[in-house]
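Hello,

Here is the structure for you to look over. My notes follow below it.

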Amino acid sequence: MLLDENTRVLVQGITGRIGSIQTKYMLEYHTNVVAGVTPGKGGMRVHSVPVFDTVQEAVKETGANASVFFVPAPGVLDAFYETVDAGIRLIVVVPEHVPVHDVMKMKEYAKEKGVVALGPTTPGLLVPNLGKMGIMPASLFRPGRVGIVSRSGTLSYEFAGILSDHGAGQSTVVGMGADPVVLTNLVEILRLFEEDPKTEGIIIVGEVGGEQEEMAAAYIKAHVTKPVAAYIAGRLSPQGKRMGHAGAMIRGEKGSWDGKVAAFREVGVDILRSPIEAGQWVKAKGLTGA
Amino acid sequence: MRLQEYEAKEIFKTYGIPVPEFRVVRDPEAALRAGLDLGLPVMLKAQVLVGGRGKAGGVLKCETPEEVLTFSEELFRREIKGLVPKELMVEKACEVEKEIYLGCAVDGYEGRPVLILSKRGGVDVEDVFRRHPEKVNKFPLPIDGGFLPYQARGLSKELGFSGEGMLSISKVIYLLVKVFYEYEALLAEINPLGVSSGGDSICLDAVLEVDNAALKRIRANLPNPATRIENPIERKGREIGVTYVDLDGDIGIISSGAGLGMCSMDIIGDRLRPANFLETGGGITEELLYRCMELVTMKPNLRAIFINVYGGINPIHEGAKGVVRFIREKGLKIPIVAKALGNRQEETWEILRSGGVEVVEETDTESAVKRLCEILERGRS
């Protein structure tokens, strides 16, 4: 899902320390990385991948149609406009600390142009044995039929690792991004999993705060036919200091562990109290095997 | 980072939002001088970064010089939701007829700013939100500015105001939205905005929370966020770029990623008591993990440390060297259990084991916590 045999990956910020090493890992996982972009470094090669000054050139020369960002946070907004304007419709924004007002602009532009964008602060996207865009450590993943979507990066690895140990592979693993505003909401990822013929069950890895899970529960009730399980991190987290009143107002009092779990239970989503329970869940649902 | 009320008011004032005359003081004598200078009655307001300050007794009205002295002495000693104020605002008391609520915030789900208005504001505004949502107006704002004065007038009208009141409120709405954009705020709030019988508006309390990720490009003199953190270990954490949360127990937790950290805390918390929670983010180096160990062990009476990290973006083998260097240099004796998976995991395990760290090779946090419990049990018997 999202990433397939026709995906030609561009790496933005490829000449940086992280961009370069992660490109190596993506190539080792047989991802079809066709180009890199770092303004001012056009003409170089990184792990034999050609580097261009602009996204437009990279697209023209290599047919890149998806991009993963290792761009410094203050430069992400500009890079995002450049990438969308060059016609790319799948973007993974790995960096953390991107200003929220920039993310709001990116989200609106992505919606307007029909772009699927993950992040910021996302480990990206991985389809076992096919490729990955981002930083997921490949050794933990196995091909199979379970889709994972996670708000937390490292917990997506934990769940993939546990499923792999229990003989249940993954169809696609998606990191949504951990920021208060993300470019693509959980509901939209669930829609993709529901439509994906290779996904037969879905695990949602959520966490306290925000209202992604509450909105997802309403969506699942109306639109999702595949079995769904959810884990919510932060059951024992101390309540954050409340900042003013407006947060409580925007869509009522939401965001607590109890509230999210209740919302999921009500629509028939199985609740996992600990990641290890994912192993029993895939067995019970017959989702083991490739 | 949330600013103190007086800092927010100083900013609002430079934009032309009317605020009462005030002084900021650090002792009762200065409070008295400020009170006499401003003219009584005055309000004394504890400068603490918590919500519900008024209800917690952090705001007092003084009619006489004696009251200014006694009440300020009281406030400098009073704990308000766990915080004792270092500064008080002494503010000229205002006669107002109505108190309304104005807030401009980021709607995280929709990813856009939203303006929230209620003609009933003040300390009970959350009750109004809960019980009478129909009395609250919400207005989605454009994402990059472009909010116009006529729209502010329309909103002010919808609140039921006319004449001078409508004009003065719409001006404040317009300016508050301007502050929100120009300071890249997550929240800009006036609660309450006082409206006098003559229709004048005045900002009686102010909240401004700015996005730490945008601080460098906001052209204004804003404080360093680290200086706003009360707990000294939490403050040191901010200084080295990690998130540290102080808790009551005796098991230290270091994780790479907030989700994994919360998950570790949930599993540990079912059987043991976490002492703290340190989340490294994506910038692990040898030095950073050394510093993380230093922070976590600043907590007295620690029984064990639990490390849960993944090598995705993080070079965990480098981090492992920092952990081991710390153990050796400090002669750390308490048990350390580590789960470290992903890129270069075998190398990481070897380094950790060389420092006496108990490495768990299983993929699930549950197993690692089980091991931690076993080790602590064994230590006890």
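Burial first: buried means under 20% relative accessible area, exposed over 50%, and partly exposed in between (1.4 Å probe, protein chains only). This is a predicted model: local features need pLDDT of at least 70, side-chain atom pairs count only at pLDDT 80 or more, and totals for chains, interfaces and linings use all residues. Residues are numbered from 1 along each chain as its sequence is written, chains are lettered from A and ligands numbered from 1 in the order in which they are written, and side-chain values use heavy atoms, leaving out hydrogens and water.

A:Pro180

A:Pro180 is exposed, because its relative accessible area is 61%. The residue sits in the loop between strand 11 (170-175) and helix 6 (186-195) of chain A. Helices (H or I, at least four residues) and strands (E, at least two) are DSSP runs, numbered from the N terminus. Contact means heavy atoms within 4.5 Å. Setting aside neighbours within four places in sequence, A:Pro180 is in contact with A:Val100 and B:Gly108. A:Leu27 is 153 residues from A:Pro180 in sequence and 31 Å from A:Pro180 in space, C-alpha to C-alpha.

Strand 12 of chain A

Strand 12 (residues 201-207) of chain A is largely enclosed by the rest of the structure, because seven of its seven residues are buried. A:Gly201, A:Ile203, A:Val205 and A:Glu207 point one way. A:Ile202, A:Ile204 and A:Gly206 point the other way.

Two strands pair if DSSP finds at least two bridges between them. Strand 12 of chain A pairs with strand 10 (residues 143-150) of chain A in the parallel sense, over five bridges. Here A:Val205 of strand 12 has A:Ser150 opposite. Strand 12 also runs parallel to strand 13 (residues 228-233) of chain A, joined by six bridges. In that pair, A:Ile203 stands opposite A:Ala229. From strand 12 the chain crosses through helix 7 (residues 212-223) of chain A to strand 13, a right-handed β-α-β crossover. Right-handed means that, with the strands pointing away from the viewer, the path from the first strand over the helix to the second runs clockwise.

An open sheet in chain A

Seven strands of chain A form an open sheet with mixed pairing, in the order 3-4-2-1-5-6-7. Its edge strands are strand 3 (45-46) and strand 7 (116-118), each pairing on one side only. Strand 5 (residues 66-69) and strand 6 (residues 90-93) of chain A pair in the parallel sense over three bridges. A:Val68 stands opposite A:Val92 of strand 6.

Cavity and pocket

The search used a 1 Å grid over the protein atoms alone: a cavity is a set of points where a 1.4 Å probe fits but cannot get out, a pocket is an open set with protein on both sides within 12 Å along at least five of seven lines, and lining residues have an atom within 4 Å of a point. Grid points are joined across faces, edges and corners, and a volume is the space filled by probe spheres set on the points.

The whole structure has one cavity of 30 Å³ or more. The largest cavity has a volume of about 50 Å³. Helix 10 of chain B gives the largest share of its lining, four residues. B:Ile316 and B:Val323 are among the lining residues.

The second largest pocket holds about 950 Å³ of space. Its lining has 42 residues, with B:Arg53, B:Gly54, B:Val123, B:Asn191 and B:Asp205 nearest its centre.

Best wishes
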